[in-house]
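This note sets out points for a colleague who is reading the coordinates alongside the text. Please keep the structure open while going through them.

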Amino acid sequence: MQTRAEAIEAIRQLPAQLRELAAGLSAEQLTTAYNAPEWTIAQNIHHLADTHMVCIRRFKLILTSPRFQFTAYDVNAIAEYPDAKDADIEYSLKLLEGLQARWAILLENLSEEEWAKVGIGSSPDRPDMNLERLAFAYAQHGLNHLRQIQDVLDKMPA
């Protein structure tokens, strides 16, 4: 991605792309680790819902707080909870459809000053990040997980 518009479009299109990849898969196919130790398809989709909820909250807090500091959390631990391993991905897909649509609207309407607002890093390996960089990171995050899901599909037995 080279432009804000491309990042916004990637954010907007993620739910439809996930739906397309998961279409017609059985509960067993969604929850089998064909590409172990990587996550299952269901875990990838639930993870995207979990992390993108966190991210849009971060965006809103950076926009509205005098000083926002990122907090770290263990995505691997979260991926082990029953709701993150469940074969029913519909809840997460519906959540992402609304979330990503609203996020795209927010991003399309940010001023230059707002794009430049910064969240304070949580550690030396998690540096300060402005909203533009954060948008690019999460657009790429979605694309990375689409690739991970495709890798799982490629490893499934015929």
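The numbered points below concern the core, one of its helices, a surface patch and the salt bridges.

1. The structure is a predicted model. The remarks that follow should be read accordingly.

2. The nonpolar core. The largest nonpolar core comprises 42 residues. Those with the most contacts inside this core are Leu 18, Ile 41, Ile 45, Phe 59, Trp 103, Leu 107 and Leu 134. At least two core residues come from each of helix H1 (4–22), helix H3 (41–64), helix H6 (90–108) and helix H8 (131–155). H3 provides the largest share, with 10 residues. As general background, nonpolar side chains in soluble globular proteins tend to be buried together.

3. Surroundings of Ile 45. Which residues does Ile 45 contact, leaving aside its neighbours within four places in sequence? They are Leu 18, Ala 22, Ile 89, Ser 92, Leu 93, Leu 96 and Ile 149. Ile 45 and Leu 18 are both listed among the core residues with the most contacts.

4. Helix H3 as an element. This helix has 24 residues, and the distance from its first C-alpha to its last is 35 Å. That span is close to the 34 Å expected at 1.5 Å a residue. Of the 24 residues of H3, 17 are buried, so the helix is largely enclosed by the rest of the structure.

5. Thr 51 lies in helix H3. Its relative accessible area is 3%, which is why Thr 51 counts as buried, the cut-off being under 20%. Beyond its neighbours within four places in sequence, Thr 51 is in contact with Tyr 73, Val 75, Tyr 138 and His 141. Leu 61 is also placed in helix H3, but counts as partly exposed because its relative accessibility is 23%.

6. A nonpolar surface patch. Tyr 73, Ile 78 and Tyr 81 make a nonpolar surface patch of about 280 Å². Tyr 73 sits in the loop between strand E1 (68–69) and helix H4 (75–78). With a relative accessibility of 31%, Tyr 73 counts as partly exposed. Tyr 73 is also one of the contacts of Thr 51.

7. Salt bridges around Arg 4. The count of salt bridges in the model is 7. Arg 4 pairs with Glu 112, their closest N and O atoms being 2.7 Å apart. This pair links distant parts of the chain, with Arg 4 in helix H1 and Glu 112 in helix H7 (residues 112–115), 108 residues apart. Arg 4 also forms a salt bridge with Glu 132, at 2.8 Å between the closest N and O atoms. Glu 132 lies in helix H8 and Arg 4 in helix H1, so this pair ties together parts 128 residues apart in sequence.

8. Glu 108 belongs to helix H6 and Arg 12 to helix H1, so the pair ties together parts 96 residues apart in sequence. Glu 108 is partly exposed, at 43% relative accessible area, and Arg 12 is partly exposed, at 29%.

Note on methods: Residues are numbered from 1 along each chain as its sequence is written. This is a predicted model: local features need pLDDT of at least 70, side-chain atom pairs count only at pLDDT 80 or more; totals for chains, interfaces and linings use all residues. Side-chain values use heavy atoms; hydrogens and water are left out. A nonpolar core is a set of buried Ala, Val, Leu, Ile, Met, Phe, Trp, Tyr and Cys residues joined through side-chain atoms within 4.5 Å. Buried means under 20% relative accessible area, exposed over 50%, partly exposed in between (1.4 Å probe, protein chains only). Helices (H or I, at least four residues) and strands (E, at least two) are DSSP runs, numbered from the N terminus. Contact means heavy atoms within 4.5 Å. Patches are made of residues with over 30% relative accessible area and no salt bridge: like charges are joined within 9 Å, nonpolar side chains (Val, Leu, Ile, Met, Phe, Trp, Tyr) within 5 Å. Accessible areas come from the Shrake-Rupley method with a 1.4 Å probe; for residues, only the protein chains shown count as cover. A salt bridge is a side-chain nitrogen of Lys or Arg within 4 Å of a carboxyl oxygen of Asp or Glu. The expected span of a helix is 1.5 Å times one less than its number of residues.
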